[in-house]
Amino acid sequence: MSSVNDPESDLTRKQRREQAREQRRAMEEASAVQASQRKRLIQLGGVAGVVIVIIAIIVIATGSGGSKTAPAPKSAAANAAQTSVVSLLQGIPQSANTLGNPSAPVTLVYYGDLECPFCKQFTLTALPSIIKKDVRTGKAKIQYRAMATATREKEIFQTQQVAALAAGKQNRMWYYVELFYHEQGEEDSGYVTESYLQGLASQVPGLNLSQWSSDRNNPAYANEVISDAQSANQNGFTGTPSFIVEKAGQAPHKLENTSLTDPKDIEEAIAKA
Amino acid sequence: MSRRALRIVTILLTVLGIGIAGYVTYVHYAGIKPACTAGESCAKVQTSIYSELAGVPVALMGLIGYIAILATLLAPESERTRFATLALTLGGFGFSAYLTYRELFSIHAICEWCVTSAVVMTLLMLLSAWRFMRGAPVSPGSGSAFAGPVDAVTDGGVGVN
């Protein structure tokens, strides 16, 4: 039996004390790590919560996309659009889908979709300068052709394009096209209704509405929409607006990805033709 | 994955995000059509009313966000910078989720640039969360795995777990 003062027993006690200290330290470290992990988890959860609240506020604030619908016929916005379109086009000859002097040496073919917001941007910002500088002066004429891009329903695409072409029978297609772009509604909002199309027609100066209504049934226009799509396809166009600059005796010059706001690219192409 | 590799992957993903957001921001201000394999889908998304928030293009917001994330990654690593990276990427992830929701349910078109950015941001958020939860590396002799004393230890330094 060992005595209390036995050095061997003393060592064991020291070792035990050391072990206990080590264990205590390990436990403290483990609990510190746990506390740190818990703190980080709380911080992570806090940030995630703040993000969720902010996103929920954004979703509620942006709602269903605001009120970017087409203006009602005879509304102030529609009247402003009509005034702007009339002042841009008045006095420029029109024939079917062409704007400008039929004997103008250069033809700019504009492939567009009436519901395409890019076409709207181009038509409202870059095109007026081209019309003033090149079309009004007789240097060029512009032909509008249809190419479906933004309009989702094939049937609606055809209906709206035929409505424009039927106005062309009375040499007023460009009024219709310009008014469509000026009053374009939010994409996929279903704004292109029969009353929208008729509302535009009622804004076209001098358009005989009953003749226009009857011309809309002319199958030649539906065929023209199909042939426009075929020609866009043959040219390899993938988006609207796309353009071709044509001049007799020269190979047609395709223009894609031109600036939607700066008319310079197209004006230079017309000047070079 | 070592801390160094984790940080490098996170930085590379952020640079990729800057490239995507930078291109889309350029397209927005230049008024040109974005390169897109899905026809007009990208254009449709980028010209929709949801392409701006309070008058600020969301592409520009994304670009600023990615630059801020890069700044937190390039700063000397500490608990605070890891938390800043996490907070920014969580915010970016939430915003990407909102934009994807708008693409699917409001615009009905998918923009491949936006989807790629959303995937990059999701990866960044996961990596940042992992990096944040791992905490600071244990410095030999510190006697503790607790973050405090080794906050200033940078990646690739001593005591990599």
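Q: What makes a residue buried, exposed or partly exposed?
A: Count the other C-beta atoms within 10 Å of its own: 20 or more is buried, 12 or fewer is exposed, and in between is partly exposed. The C-beta atoms are placed from the backbone. In chain B, 43% of the 161 residues count as buried.

Q: What kind of model is this, and how are its parts numbered?
A: This is a predicted model, where local features need pLDDT of at least 70, side-chain atom pairs count only at pLDDT 80 or more, and totals for chains, interfaces and linings use all residues. Residues are numbered from 1 along each chain as its sequence is written, while chains are lettered from A and ligands numbered from 1 in the order in which they are written.

Q: Which elements make up the secondary structure of chain B?
A: Helices (H or I, at least four residues) and strands (E, at least two) are DSSP runs, numbered from the N terminus. Chain B has five helices and two strands. From the N terminus, the order is α-α-β-β-α-α-α.

Q: What share of the contacts in chain B join residues at least 24 apart?
A: Two residues are in contact if their C-beta atoms, placed from the backbone, lie within 7 Å. Take the contacts in chain B between residues at least 6 apart in sequence: 65% join residues at least 24 apart.

Q: Which residues have the most contacts inside the largest nonpolar core?
A: In soluble globular proteins, nonpolar side chains tend to be buried together. A nonpolar core is a set of buried Ala, Val, Leu, Ile, Met, Phe, Trp, Tyr and Cys residues joined through C-beta atoms within 7 Å. Here the largest one has 97 residues. Leu108(A), Ala164(A), Ala167(A), Tyr176(A) and Val177(A) have the most contacts inside it. Helix α5 (residues 112-134) of chain B gives the largest share of this core, ten residues.

Q: What does Ala167(A) contact?
A: Leave aside neighbours within four places in sequence. Ala167(A) then contacts Arg172(A), Met173(A), Tyr175(A), Tyr176(A), Ala201(A), Val204(A), Leu207(A) and Trp212(A).

Q: At what angle do the axes of α2(A) and α6(A) cross?
A: Axes are lines fitted to C-alpha atoms, for helices over the stretch in contact, and angles run from 0 to 180 degrees between N-to-C directions. Under 35 degrees is roughly parallel, over 145 roughly antiparallel, 65 to 115 roughly perpendicular, and the rest oblique. The axes of α2 (residues 76-89) and α6 (residues 173-182) of chain A come within 10 Å and cross at roughly 140°. The two helices are therefore oblique to each other.

Q: Which residues of α2(A) and α6(A) meet?
A: From α2(A) come Ala81(A), Gln82(A), Ser84(A), Val85(A), Leu88(A) and Leu89(A). They meet Trp174(A), Tyr175(A), Glu178(A), Leu179(A) and His182(A) in α6(A).

Q: Is Val192(A) buried or exposed?
A: Val192(A) is buried, with 22 other C-beta atoms within 10 Å. Val192(A) sits in the loop between α6 and α7 (194-203) of chain A. Not counting residues up to four places away in sequence, Val192(A) touches Glu115(A), Ile156(A), Gln160(A) and Leu197(A).

Q: Where is Asn171(A), and what is its phi?
A: Most residues other than glycine have a negative phi, and most peptide bonds are trans. Asn171(A) has a positive phi of about 55° although it is not a glycine. Asn171(A) lies in the loop between α5 (154-168) and α6 of chain A. With 16 C-beta neighbours inside 10 Å, Asn171(A) is partly exposed.

Q: Is the peptide bond from Thr240(A) to Pro241(A) cis or trans?
A: That bond, from Thr240(A) to Pro241(A), is cis, with omega near 0°. Pro241(A) is in the loop between α9 (219-234) and β5 (242-247) of chain A.
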